[in-house]
Amino acid sequence: MIRLIAPLAVACAALLAGCGGKEDARADLAFVSTRDGDYAIFQMSAQGGAERRIGDADENANVLLFQIEPAWSPDGTRIAFASRRTGRFDIYVMAADGTGTKRLTATKDVDAHPTWSPDGTQIAFARASDIYVMGVDGSDAHRISDPLVDEGEPAWSPDGEWIAYTRRTPGTTVREVWLMRPDGSEQHRLTRQNARVFTPAWSPDSRRIVFSSNDGGDVFALYTVGVDGKGLRSVVATARDNFEPSWSPDGARIAYQEEGAIFTVELGGGEVEKLTDSANNDSSPVWNPVSSRE
């Protein structure tokens, strides 16, 4: 069953001092939207209300790809993201309210898809077809992946033990989920779907990974798999492409993007909720790791 959040509930949550109060305005999710014309980062509650843009547009920037691929810091106080505001993709970080933006990388390569270490001291990211790790101030950026293979979309496990990523099988379009230690050691293949997989994301207990895959057909669906490669499961039945999953901090739900709208699904066959309107071209939902614990 798919339930669209009622317009009245959305409006109510948007009134901070009104119907819903302060709690309804809590930033449970960050996501990307082009509702203002450029790609920018927004926040909203887990119920789909209190949507607001964070960070101001720069009149001198490349506004089309101003902010994409948000990633919350473990303490929920900062957001790392990728931006092409200078004409090339680099990694930036800002406070969770959108203030204090700082550029972390500045190379001729494409830097994208940041992910934080659980202690908040390092950020892994994709550079061209490799994976790098650097300090949160942008220092000591160094490659940890195989330079001879196309790899990307890193995701650091909450327990700090692993980095999940995607790796393309040479000479094919097949991509699988792989794991490696944060120092680049113990690289090994996790999935064996012989398909195209994208954007792995961790469960809060670091025991499972969710990802998008076109295994078995042309439609991209969501699957989860154990960190040992066992227990592959489908997340939600779909006839449309599902991308960019993100696990809620309580482990009960997964947020994802379908046809320009943000959805959440309760695991174990629960309800599917549509949180945003497809007309806004929304994508890249990521849960605030501390919002549901407050």
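Ala71 sits across from Ala80, a residue of strand β6. Strands here are DSSP runs of E with at least two residues, numbered from the N terminus. The model is a predicted one, so local features need pLDDT of at least 70 and side-chain atom pairs count only at pLDDT 80 or more, while totals for chains, interfaces and linings use all residues. Numbering starts from 1 along each chain as its sequence is written, and side-chain values use heavy atoms, with hydrogens and water left out.

Strand β6 (residues 78-83) runs antiparallel to β5, and 3 bridges join them. Two strands pair if DSSP finds at least two bridges between them. The pairing carries on into an open sheet of 4 strands, in the order β5-β6-β7-β8, again antiparallel. Its edges are β5 (68-72) and β8 (102-103), each pairing on one side only.

Another open sheet of 4 strands has the order β13-β14-β15-β16, with antiparallel pairing. Here β13 (151-156) and β16 (188-189) are at the edges with a single partner strand each, so one side of each has no neighbour in the sheet. Further in, 6 bridges link β14 (residues 163-168) with β15 (residues 175-180), and these run antiparallel. Arg168 has Arg175 of β15 as its bridge partner.

Then there is Asp282, in strand β25 (residues 282-287). Asp282 counts as buried because its relative accessibility is 0%; buried means under 20% relative accessible area, with a 1.4 Å probe and protein chains only. Not counting residues up to four places away in sequence, Asp282 touches several residues, including Phe31, Ser33, Arg35 and Gln257, where contact means heavy atoms within 4.5 Å.

Note on methods. Buried means under 20% relative accessible area, exposed over 50%, partly exposed in between (1.4 Å probe, protein chains only).
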